[in-house]
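I opened this notebook to record what I looked up in the model, chain by chain. The entries follow the order in which I worked.

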Amino acid sequence: MGRLRLAARMLVRDWRAGELQLLAVALTVAVTSVTSVAFFGDRVNQALTRDAHQLLGADLLITSDHPLDPRFSGEARKQGLASASSTRFISMARRNEASQLAGVKAVSEGYPLRGRLRIAPALNVADAEADRVPGEGGVWVDERLALALGVGVGDAIELGASRLTVSAILTLEPDRGVTFFNLAPRLIMNVADLPRTGLIQVGSRVTYALLLAGERQAIDTYARWARASLGRGERVQGLDSARPEIRAGLDRAKQFLGLTALLAVVLAGVAIGLATRRYTERHLDNYAVMRCLGAGQRQLFALFAWEFVALGAIAAVLGCALGYGTQHLLSGGLSQFIAAQLPLPSWVPAAQGVLLAFVMLLGFALPPLTRLGRVPALRVLRRDAEGGGDWPLLSYGAGIAALSGLVLWQADDVKLGAHALAGFAGAGLAFAVVAYVALRLAARAGRFGGVAWRYGFANLRRRARSSTVQILALALGLTAILLLTVTRGDLLAAWRAKTPPDAPNRFILNIQPEQRAPLAQFFRDRGLPPVPILPMVRGRLAAINAVEVSAASYEEQRTKRLVEREFNLSYLDVLPAHNRITGGSWFSARDRERGALSIEDGIARTLGVKLGDQLTWVVGGQTFTAPVTSIRRLDWDSMQVNFFVIATPPLLERHPTSYITSFHLAGRHAQVMNQLAQAFPNMTVVDTSAILRQALAVMERVVEAVQVVFLFTLAAGLLVLYAALLATEDERVREAAIMRALGASRGQVASAQRAEFIAIGLLAGVLAAAGATGIGALIADRVLHLDYTPNAWIGLWGLGLGAACIAVNAMASVRAALSRPPIAALRAAE
Amino acid sequence: MPGEAVAVVGASGSGKSTLLGLLAGLDLPTAGSVHLAGVDLFSLDEDGRAALRKRLVGFVFQSFQLLAPLTALENVMLPLELAERDDAEAQARAMLARVGLGDRLRHYPKLLSGGEQQRVALARAFVVEPKVLFADEPTGNLDADTGAAIIDLLFELNAERGATLVLVTHDEMVARRCTRQIRLAGGRIVNGAR
């Protein structure tokens, strides 16, 4: 007990003496950075788990892109399960001149089996749980749809070819689900009214679902049976697989944020190492004195260990509290895309934060501290009694091990973690090598300057190691700033500019063969330019070079899903505009005779398909095989209709075909959409400009979240800079004193130090500009797929920021060096 | 002998500090043994010697060796705290009052003069009631007047507390005040006369 009390007192005393602040701040920044992301991720996870039942609206869900075989409901009856069905698609709802794209769900009696819909008898009045589904001839619309169409309860709306009456306002639809793009206004109708709408046609994008609920055991039995009986395009969704695409998307976002957060941790670790080193240096004598006073090795070690544990605990608690506050910033923007109400986070992230604090102390603070344990008491009599220096391998090894563990833990994926580690290490090493070499060159160049410059640059070389650390830290911090300002703006601008202003902003799907001529006429009548109407046939990839293809053939989840689904195939004689052949050649007359395929290069890579491969397709129950004779690159940003796979016409012509087109609709032609919906009720018009706007909004939110996390990186970078400066401060003060004693003027001393700082600031600025440009180019290439022209000004920005950051530090340091008369500084340094 | 004062004198490099280090168990001998209060020091391990120092030994150094982050009071409390004594603060206050620094309790070492710092060091050495006090050139960093005052105080305290004083010095005046002088040259005792 007495020992703990003494440790607490030592903590207070060291804190008062200013020995621990830097360490505490660095620890707090690291914990805050990681816990803010962890708290956010935890809330999202909880929301997904909590809402899983409601998200499904059932205990088990069978979904399909075609009407489900009756044996699925038959088996459910046999197992004594309750069942209901839903049919989901997107369509235009109209009233008079107004029209609005809506997410339609046609449901059977009993829907939903889990959770409840809530409805209100009018707009802006209290809602209540609905105890049944809309009756025949009635629909429930949500507030957005009601406002867009200007309808209230009792008004009629048109949906496809049918007229339905709004019988309630839909206020809550729990299984609407977690999706970034599920943004269309909602409409729920009775499944009995569906045939009359005439909306379900060949090629329509419809999701059929069978909802099931019952005893746990019966559900499990059914699920096993269903998984074994699944046909093409059919899936079983249980609670564990609810919304896998959202879970995967959020997991990726969490990983990315987590790794960004770790950048701050890495820097904080360096700051902790530097701060502890300084602490150790300053306590070597004290330690020896205490040994003289009779303190045992173990007693002293325990004393310092407890002191650091207490410090770690305080920093961890503070960091967790700050992290909890910061996660509101992260989830505030993103939660609107996830769920109405995020649950409160659990204590797990806090525990992780505490763990992190101690791992960092163990990895970065303990190694320098062990030096204290080896100081002989004799040091009080003879200063040269050192008791062995650092154990560099231990210091660096423990830190690197701790960091590697953290990165792998945060990435939650060995491969990704290893990549991130390699990325961190590679970037750090590259920066360090460049900085080190540049320092030596600068020192050489400095020989030609005046005394002050010569001396300052010589210092750079002498302190090459600590100078490199300073440059590295500052460069990483500045890279974060530049990325968030200059690079981010450039990328967004380039991304927006990529899509021309007259690019198509509407897609029309579900055009039936006999509607092609009337549709062309419709455009002509309104003085609109003609649009290309392209055929589309749905087919499934069955084999590559006679080897059967299934989800099990691929590792990646995305590829698995891609293979399970039907592709949209087209057949054309002419290569569409915006397509570029990168391998092979476009269909020749001979190809046309024999049958051939052209495939998009991205999907070819994903599926592992090469030029000349024989692909086997199943279309409408029939099979055909044809060779790949060309590989195309598409300009997706043109917003034109694009196809992954195009066949020679004779291969597909005889199969059920629907058509698709895209066009640009100027704002002044808005009423065209209503007329179109009235003239062709079965067609689906997709407003891609709205989707683009939404995508942009989501991207902005993610950028905001990343920005918040990058702020920690910056803070940690500044801490390292400060720690590195402090580490050399004692030395600088003594050197300044010696120079003064030798007759140097204050100005000369100041400019020598200034030369040193200017070089550090400028080097860091250049490196940061290079780093931000490199990362920007990587994002442009890998994520946004656009050509990125680096900003010519970024170098100047980097230099300016580097100089500004270092100037503040330099002024402080120079003032410290010159604040005391030389003799005092020399004595203190004895 | 309790209350006895032994001066170790000799020129620079004659081995005074080495002898002191050995006597206090801070350094290891290549041959021979040291008995402190009847215990063979080098039959103990480092921690054992530290425990023995805690019970029996006080130190005063030429460069004071006060802990910079600690106030005068805390510096004096430290050895008591290391011994896990509950009355550390009261004892330390009394001791500082005895050395004339009752009004300097909250001062940090760097705010104290050299003489004051050495008084704090004396207080720290005597507060644990040591059986043996090792003093290594206690006046080496002080001017003559201050040094004399410190030596007076050292002898006073030694007489009061009945400790055995081992004083390393090259000040003959100081050495002569001791009951015994041991003169070293080239690492050997050249006279050990009473």
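**Entry 1: the chains.** I noted at the outset that this is a predicted model. I looked up the secondary structure of chain A and found 24 helices and 22 strands. Chain A has 830 residues, of which 42% count as buried. For chain B I recorded seven helices and eight strands. Buried residues make up 47% of its 194 residues.

I then looked up how far apart in sequence the contacting residues lie. Among contacts with a separation of 6 or more, residues 24 or more positions apart account for 84% in chain A. The corresponding share in chain B is 69%.

**Entry 2: strand β18 of chain A.** I asked which residues of β18(A) form its covered face. In this strand, residues 614-619, the covered face consists of A:Leu615, A:Trp617 and A:Val619. A:Gln614, A:Thr616 and A:Val618 form the uncovered face. I set this beside the general rule that side chains in a regular strand alternate between the two faces of the sheet.

Next I looked up the partners of β18(A). Strand β13 (residues 534-544) of chain A runs antiparallel to β18(A) and is joined to it by four bridges. A:Thr616 in β18(A) is the bridge partner of A:Ala543. Strand β19 (residues 622-634) of chain A is also antiparallel to β18(A), with six bridges between them. Here A:Leu615 stands opposite A:Ala626 of β19(A). The hairpin of β18(A) and β19(A) has two residues between the strands, and A:Gly620 takes a positive phi near 50° in it.

**Entry 3: the nonpolar cores.** I looked up the largest nonpolar core, which holds 188 residues. The members that touch the most others are A:Ala26, A:Ala268, A:Ala271, A:Leu719 and A:Val720. Helix α8 (residues 244-292) of chain A gives the largest share, 20 residues.

I took A:Ala268 as an example. Beyond its neighbours within four places in sequence, A:Ala268 is in contact with A:Ala26, A:Leu27, A:Val29, A:Ala30, A:Ala716 and A:Leu719. I also recorded a second, separate core of 87 residues, which includes A:Trp140, A:Ala146, A:Ala604 and A:Phe643.

**Entry 4: chain A against chain B.** I found 26 residues of chain A in contact with 26 residues of chain B. On the side of chain A that touches chain B, α1 (2-16), α8 and α9 (297-334) of chain A each supply at least two residues. I classified that side as eleven nonpolar, six polar and nine charged residues.

**Entry 5: the sheet of chain B.** I traced an open sheet of six strands with mixed pairing, in the order β4-β5-β6-β1-β7-β8 (chain B). β4 (57-60) and β8 (188-191) of chain B stand at the edges with a single partner strand each, so one side of each has no neighbour in the sheet. Direction ignored, neighbouring strands of this sheet are turned by 25° against each other on average.

B:Ala185 stands opposite B:Arg188 in β8(B). Finally, I noted that helix α5 (residues 114-126) of chain B packs on the sheet, touching β4 and β5 (132-136) of chain B. The direction of α5(B) makes about 175° with that of β4(B).

Key. Residues are numbered from 1 along each chain as its sequence is written. Chains are lettered from A and ligands numbered from 1 in the order in which they are written. This is a predicted model: local features need pLDDT of at least 70, side-chain atom pairs count only at pLDDT 80 or more; totals for chains, interfaces and linings use all residues. A residue is buried if 20 or more other C-beta atoms lie within 10 Å of its own, exposed if 12 or fewer, and partly exposed in between; C-beta atoms are placed from the backbone. Two residues are in contact if their C-beta atoms, placed from the backbone, lie within 7 Å. Two strands pair if DSSP finds at least two bridges between them. A nonpolar core is a set of buried Ala, Val, Leu, Ile, Met, Phe, Trp, Tyr and Cys residues joined through C-beta atoms within 7 Å. Ala, Val, Leu, Ile, Met, Phe, Trp, Tyr, Cys and Pro count as nonpolar, Asp, Glu, Lys and Arg as charged, and the others, Gly among them, as polar. Axes are lines fitted to C-alpha atoms, for helices over the stretch in contact, and angles run from 0 to 180 degrees between N-to-C directions.
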